[in-house]
Number of protein chains: 2
Amino acid sequence: MRGWVVVAGLGPGDDGMITSEVHDALEQATDIVGYIPYVRRINPREGLTLHETDNRVELERAAHALDMAAQGKRVVVVSSGDPGVFAMASALFEALEAGSPEWLALDIRILPGITAMLAAAARLGAPLGHDFCAINLSDNLKPWDLIETRLRLAGQAGFAMAFYNPRSKSRPHQFGRALEILREECGVDTLISFAKDVTKPGQTLTTVTLGNATADMADMRTVVIVGNKDTRKIGEFVYTPRRVE
Amino acid sequence: MRGWVVVAGLGPGDDGMITSEVHDALEQATDIVGYIPYVRRINPREGLTLHETDNRVELERAAHALDMAAQGKRVVVVSSGDPGVFAMASALFEALEAGSPEWLALDIRILPGITAMLAAAARLGAPLGHDFCAINLSDNLKPWDLIETRLRLAGQAGFAMAFYNPRSKSRPHQFGRALEILREECGVDTLISFAKDVTKPGQTLTTVTLGNATADMADMRTVVIVGNKDTRKIGEFVYTPRRVE
């Protein structure tokens, strides 16, 4: 049996946002690998082994998947959202680069999914309808100074912005600092939206101006979207026009 | 019968990248509205009217969809990729804002899809695995100077970048200018990937350095992805590490 590794995006939470090619890969798999809450989204069946691993062990998880594929298993690494956006795809290639040379001959595929910012944007309206950027606000893997620089330059560029991992218990003050920078660069009237548990039970969507935004509006389950100067509300929706004068 | 409008993302071309909630909406629709090649992806059936419209009539198309929903139709506006990324969702809200006040009471939903840059990233590996931006390089709806400014600031921020509509017959020289700016800001060794007809028959993926990139490598059917200084090749794949020092 020829093994393979697929890194598959399960979308933000609602099973209706899973693509059919991801469903197909899950049906063909012998082994599922991933962070505990994502693996728990997979229905158990005979012939399928579920491997739940903790957060922050992405490289070990990826190496485990590659090793099983080298032994002939059909492995799906499950990722929330899209695996290529702040998720497992880069970790897999890091493990590939650091690992056994024979892994380079493996059948490896990345199957995209609906990433949280695009699900949040859809539920809000179309706040990312013009040029935008996506920034991971966690400083686990990069210096905080670089995040501040990126926020300033993105504001000066007039990008709409989406933020992943805006705030955690271990770094409660940084998001407040990010809001200060955004107010300086984008102005207090720019709209900011907080999408918590997007597409999941208990989803909440909140939109305020940067002037009225406070750090406690975000946590690790929130995707934050900041508009550009033209972003506006129409009815219950938030959208960014396609045109900039 | 209560009408509704759904703006649905069909993904980049491969039907395996359509989500199940989009399939459900298409099954329930009475009317499909969209640009000709996207409407032609929908299977005809009894009770379903297909409305094909030309490119560059997004506002008229959106108003037509809203008007039909106000008459009780169940309308799906089909969009390539994700409707919220350089596609029909913003146009719908622009039409809503400019249109009949009674349209504000309509049931309007946006269903996300796999946008071209994320499909291209998945086929390439994980080039957008760190902070990135998405820029529409067409100057139909914004001044070219603003695009140049955004390219410079994005380079200075160290963002990976994805470009939509990089080049057309009506503006053949601008993409060459964009490459000049990128070489200045990012250096000639940064990797750039050209994904043409991604997920469609005849898909081609090409990765070179900025120093070796030429404008004729892109056309309107190409998504272009530029890495950051850490983006590298491993085997046949291109990826951007999660960590920045």
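User: How many residue pairs are in polar contact between domain 1 of chain A and domain 2 of chain A?
Analyst: This is a predicted model, and the count takes in pairs with both residues at pLDDT 80 or more. On the domain 1 side, the residues that touch domain 2 of chain A are five nonpolar, one polar and two charged. Between the two domains of chain A, the number of residue pairs in polar contact is one.

User: Which side chains of chain A meet in a salt bridge at 3.9 Å, N to O?
Analyst: Chain A is divided into domain 1, residues 4–114, and domain 2, residues 117–239. The rule finds one salt bridge across the interface of these two domains. A salt bridge requires nitrogen and oxygen within 4 Å, and the 3.9 Å pair consists of A:Arg123 and A:Asp14.

User: What area is buried between domain 1 of chain A and domain 2 of chain A?
Analyst: The C-alpha centres of the two domains lie 28 Å apart. Their contact takes eight residues from domain 1 of chain A and ten residues from domain 2 of chain A. Carbon and sulfur atoms give 64% of the buried area, which is about 740 Å².

User: What area do chain B and chain A bury between them?
Analyst: In this interface, 67 residues of chain B are in contact with 67 residues of chain A. Carbon and sulfur atoms hold 62% of the buried area, and the total is about 5700 Å².

User: Which three residues supply 14% of the area that chain B buries against chain A?
Analyst: The area in question is chain B's own share against chain A.

User: Which residue forms a salt bridge with B:Glu94?
Analyst: Across the interface of chain B and chain A the rule finds ten salt bridges. There are also 30 residue pairs in polar contact across that interface, both residues being at pLDDT 80 or more. In the salt bridge of B:Glu94 the closest N and O atoms are 3.0 Å apart, and the partner is A:Arg242.

User: How much space lies in the largest cavity?
Analyst: The rule counts one cavity of 30 Å³ or more. Its lining has A:Leu118, A:Ala121, A:Ala122 and A:Gly125 from chain A, and B:Asp82, B:Gly84, B:Ile110 and B:Pro112 from chain B. The space in the largest cavity is about 30 Å³.

Notes
Residues numbered from 1 in each chain as written. Chains lettered and ligands numbered in written order. Predicted model: local features only at pLDDT ≥ 70, side-chain atom pairs only at ≥ 80, totals over all residues. Heavy atoms only, no water. Domains from an automatic or database assignment. Contact = heavy atoms within 4.5 Å. Buried area = accessible area lost by both parts, 1.4 Å probe. Polar contact = N/O pair within 3.5 Å; in protein donor to acceptor, adjacent residues only side chain to side chain. Nonpolar A, V, L, I, M, F, W, Y, C, P; charged D, E, K, R; others polar. 1 Å grid on protein atoms, 1.4 Å probe; cavity = no way out; pocket = protein on both sides within 12 Å on 5 of 7 lines; lining within 4 Å. Points joined across faces, edges and corners; volume = space filled by probe spheres on them.
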